[in-house]
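Visitor: I have a structure open and would like to go through it with you. Could you start with the terms I'll need?
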Amino acid sequence: MELTHQNKTFEKVIYSGKDIRNREFEKCAFHSCDFSESHFSSSRFSDCVFINCNLAMMKLTRCTIHNASFKDCKLIGVNFSTCEDFLFSVRFENCVLDYASFVQKKMPKTHFVNSSLKHVAFGNTDLHHVVFANTDLENAEFDRTNLKDADLVTAYNYIIDPERNLLKNARISLFGAAGILAKYGIKVE
């Protein structure tokens, strides 16, 4: 049985470590909620907003996430790779996504703004036209990633192998060039 929630606001809900499966959330807002280590398997989030939520280690196996916005949220260790591919679209602002995974996701035009993406996995990910605005990509893993037309001008701490990733028309700063040339032992000063 699937429980549906439409146009609802959830405030300060604490479901840390809970098993919440087969739910549908449409045009819902989540404010200051704690869903850390919870299981939302086979659920659907459509046109939802998460503000100041703790979603660390949240399980999203077979979840559909369409047009979801995360602001001031903690998403450490979330494996978005297990979400359904169909309609997958997200936006992050002022979020901590350290150790998250987006392996094999199609995420064109996604915006990561003022966020931390340390140790994030982007293996075989489609990130064309993505925007990394003022985003920390320290130790983020880019492998066979499509970064065509990506905006990395204000991103920092990244190392991207241009031989293993598509960077055509990607925009980088002079400072960011060091992360592209690191493989060759070239230092930009």
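Predicted model: local features only at pLDDT ≥ 70, side-chain atom pairs only at ≥ 80, totals over all residues.
Guide: Residues are numbered from 1 along each chain as its sequence is written, and side-chain values use heavy atoms, with hydrogens and water left out.

Visitor: Does Phe35 count as buried or exposed?
Guide: Phe35 has 5% relative accessibility and therefore counts as buried; buried means under 20% relative accessible area, exposed over 50%, and partly exposed in between, with a 1.4 Å probe and protein chains only. Phe30 is buried as well.

Visitor: Switching topic, how many aromatic pairs does a search of the whole structure find?
Guide: The search finds 25 aromatic pairs. Rings of Phe, Tyr and Trp (its six-membered ring) pair if their centres lie within 6.5 Å, and planes under 30 degrees apart count as stacked, over 60 as edge-to-face and the rest as tilted. One of these pairs is Phe30 with Phe35, which is edge-to-face at 5.8 Å centre to centre and 80° between the planes. Another edge-to-face pair is formed by Phe92 and Phe102, with 6.1 Å centre to centre and 70° between the planes.

Visitor: What does the pair of Phe92 and Phe102 tie together?
Guide: Phe92 lies in strand 9 (residues 90-93) and Phe102 in the loop between strand 9 and strand 10 (111-113), so the pair ties together parts that are 10 residues apart in sequence. Phe92 is buried, with a relative accessible area of 0%, and Phe102 counts as buried at 0% relative accessibility.

Visitor: Now the sheet: what order do the four strands have?
Guide: The open sheet has the order 1-3-5-7, with parallel pairing, and two strands pair if DSSP finds at least two bridges between them. Strand 1 (3-6) and strand 7 (64-66) stand at the edges with a single partner strand each, so one side of each is left without a neighbour in the sheet.

Visitor: How many bridges join strand 3 to strand 5?
Guide: Three bridges join strand 3 (residues 23-26) to strand 5 (residues 44-46), and the bridge partner of Glu24 in strand 5 is Arg44.

Conventions: Helix = DSSP H or I, 4+ residues; strand = E, 2+ residues; numbered from the N terminus.
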